[in-house]
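Biologist: I have a structure open and want to learn how to read it. Could you take me through it, one feature at a time?

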Amino acid sequence: MTTLTLSSPISESYAALASHPALALNDIAAEYDNGRRVLEGVTFSIAGGERAAVVGPNGAGKSTLFKVIVGLMPHLSGDVLVHGHSHHAGDCPSIGYVPQRESVDWDFPVTVMDVVLMGRVKEVFIARALAQRADVLLLDEPFGGVDVEAQTSMFEILDDLRARGVTVLISTHDLEMATTRFDRLILLNRRIIADGPAESVLTPERLAAAYGGRLTFWQNGQPVTVTADDCCP
């Protein structure tokens, strides 16, 4: 099992900033270069030390949301605040960002050992983000393509981060994991469909609004099927 040693995240300044949400988005809108709107009126805030999961279908805007937060993609309107400061202000606490595996440039020569170690690549990127002494950590689909042992190691890291007051926001397609492992779910499809504890977010009506069509998920150990004619705009 891979072991990471974590240092305390900017402990001197964290307490002074605790009066503000660790991360706050207000009325964020964004669109692709082709003019297609991908985020609309996205507003939420996350407290220091909170662990929240953004869930929703493919193309819902989850990765775009993370890129807007870290400044990799411009937004048309709204504000992104970190501990009450503009994200682009020089005195903002740093944000650690771990992108999807597909967003990483793999176009370089690799050895056989490199390929073997790729199963651990998400832990490596988490370590790199933590090396920034970030106290807000964004993980875009961190559990995709990793084995059970690696998932266990990653949750041990997340549990340690919670104890240290680090705020963690992830995106995931795994509704069961999101339900059991995270304090709060943000159900997204271009706009926020629901935000809160899993039991209030993952209702048949809200899932139908977010996913449309036919969706089967597990709740209390039993499969639940949601059917809808249309998805949200």
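**Reading the contacts**

Modeller: Start with E40. This is a predicted model. In it, E40 is partly exposed, with a relative accessible area of 32%.

Biologist: Which side chain meets E40 in a salt bridge?

Modeller: The general idea comes first. Side chains of opposite charge can pair when their charged atoms come close. Here the partner of E40 is R190, at 3.8 Å from N to O. R190 lies in the loop between β9 and β10 and E40 in strand β2, so the pair ties together parts that are 150 residues apart in sequence. There is also a network of salt bridges, which links E31, R37, E40 and R190.

Biologist: How many salt bridges does a search of the whole structure find?

Modeller: Eight. One of them joins R184 and E50, 3.3 Å from N to O. R184 sits in strand β9 and E50 in the loop between β2 and β3, so this pair ties together parts 134 residues apart in sequence. Are they buried or exposed? Both R184 and E50 are buried.

Biologist: Which residue forms a salt bridge with D159?

Modeller: R51, with the closest N and O atoms 2.9 Å apart. The pair links distant parts of the chain, 108 residues apart: D159 is in helix α5, R51 in strand β3. Their cover is worth checking. D159 counts as partly exposed at 39% relative accessibility. R51 is buried at 4%.

Biologist: What does the charged end of R51 sit over?

Modeller: The ring of F182, 5.4 Å from its centre. Likewise, the charged end of R181 sits over the ring of F155, 4.1 Å from its centre.

Biologist: How should I read the rings themselves?

Modeller: The whole structure holds two aromatic pairs. F143 and F155 have ring centres 4.8 Å apart and planes at 15 degrees, so they are stacked. F143 lies in the loop between β7 and α5, and F155 in helix α5, so the pair ties together parts twelve residues apart in sequence. Both F143 and F155 are buried. Ring pairs link F143, F155 and F182 into a cluster.

Biologist: Now the sheet. In what order do its four strands run?

Modeller: Strands of a sheet pair through backbone hydrogen bonds, either parallel or antiparallel. This open sheet has the order β2-β1-β4-β5, with antiparallel pairing. β2 and β5 are at the edges with a single partner strand each, so one side of each has no neighbour in the sheet. Five bridges join β1 to β4. N26 has D79 in β4 as its bridge partner.

Conventions
Residues are numbered from 1 along each chain as its sequence is written. This is a predicted model: local features need pLDDT of at least 70, side-chain atom pairs count only at pLDDT 80 or more; totals for chains, interfaces and linings use all residues. Side-chain values use heavy atoms; hydrogens and water are left out. Two strands pair if DSSP finds at least two bridges between them. Helices (H or I, at least four residues) and strands (E, at least two) are DSSP runs, numbered from the N terminus. Rings of Phe, Tyr and Trp (its six-membered ring) pair if their centres lie within 6.5 Å; planes under 30 degrees apart count as stacked, over 60 as edge-to-face and the rest as tilted. Buried means under 20% relative accessible area, exposed over 50%, partly exposed in between (1.4 Å probe, protein chains only). A charge sits over a ring if NZ of Lys or CZ of Arg is within 6 Å of the ring centre and within 35 degrees of the ring normal. A salt bridge is a side-chain nitrogen of Lys or Arg within 4 Å of a carboxyl oxygen of Asp or Glu.
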